[in-house]
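Me: I have a new model on my screen and would like to learn how to read it. Could you walk me through it?

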Amino acid sequence: TDIRTELKDCGGAGGGADPLAEAGEARQEYGVTLQRLEARTGLDALILAGGHEAFASLNPREFPARFADPEAVVVLDVKSFWDRRTMAGLGLAYWRL
């Protein structure tokens, strides 16, 4: 939620996707409306803040189709979940902590 707060303070908007979280609890506890990541489109950035194995099924090659500008894909990987070389090889702007 710290990331969401910082983005909101800078004028950003966003939602959440977590296949292991309970949607009602996330909404009540954090004010986050969860959606399936597959349902999210028109993104300006994708921030992966969890390292769940459930995210392993995501295919980074499909990320551009979810972005408002498929030529400007920005991925922030807080948990260093994906391989840096793989992401760079896909031409994605990729940062990880």
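Reply: Happy to; we start with the overall fold and end with one residue. Keep in mind that this is a predicted model.

Me: How many helices and strands does the protein chain have?
Reply: There are 3 helices and 3 strands. Along the sequence, their order is α-α-β-β-α-β.

Me: How do I judge whether the protein chain is as compact as a globular protein of its length?
Reply: Compare the radius of gyration with the globule rule. Here the radius is 13 Å, close to the 13 Å that the rule gives for 97 residues, so the chain is as compact as a globular protein of that length. The box filled by its C-alpha atoms, along the principal axes, is roughly 40 × 30 × 25 Å.

Me: What share of the residues counts as buried?
Reply: Buried means under 20% relative accessible area, and 23% of the 97 residues qualify.

Me: Now the single residue. Where is Glu 22 placed?
Reply: Glu 22 sits in the loop between helix H1 (2-9) and helix H2 (23-30).

Me: Which backbone nitrogens does the side chain of Glu 22 reach?
Reply: For polar contacts, look for N or O atoms within 3.5 Å. The Glu 22 side chain reaches the backbone nitrogen of Gly 24 at 3.1 Å and that of Glu 25 at 2.7 Å. As for its C-alpha atom, 8.5 Å separates it from that of Leu 34, 12 residues away along the chain.

Terms used:
Residues are numbered from 1 along each chain as its sequence is written. This is a predicted model: local features need pLDDT of at least 70, side-chain atom pairs count only at pLDDT 80 or more; totals for chains, interfaces and linings use all residues. Side-chain values use heavy atoms; hydrogens and water are left out. Helices (H or I, at least four residues) and strands (E, at least two) are DSSP runs, numbered from the N terminus. A polar contact is a pair of N or O atoms within 3.5 Å; within protein, one must be able to donate a hydrogen and the other to accept it, and residues adjacent in sequence count only if both atoms are side-chain atoms. The radius of gyration is taken over C-alpha atoms; the globule rule is 2.2 Å times the number of residues to the power 0.38. Buried means under 20% relative accessible area, exposed over 50%, partly exposed in between (1.4 Å probe, protein chains only).
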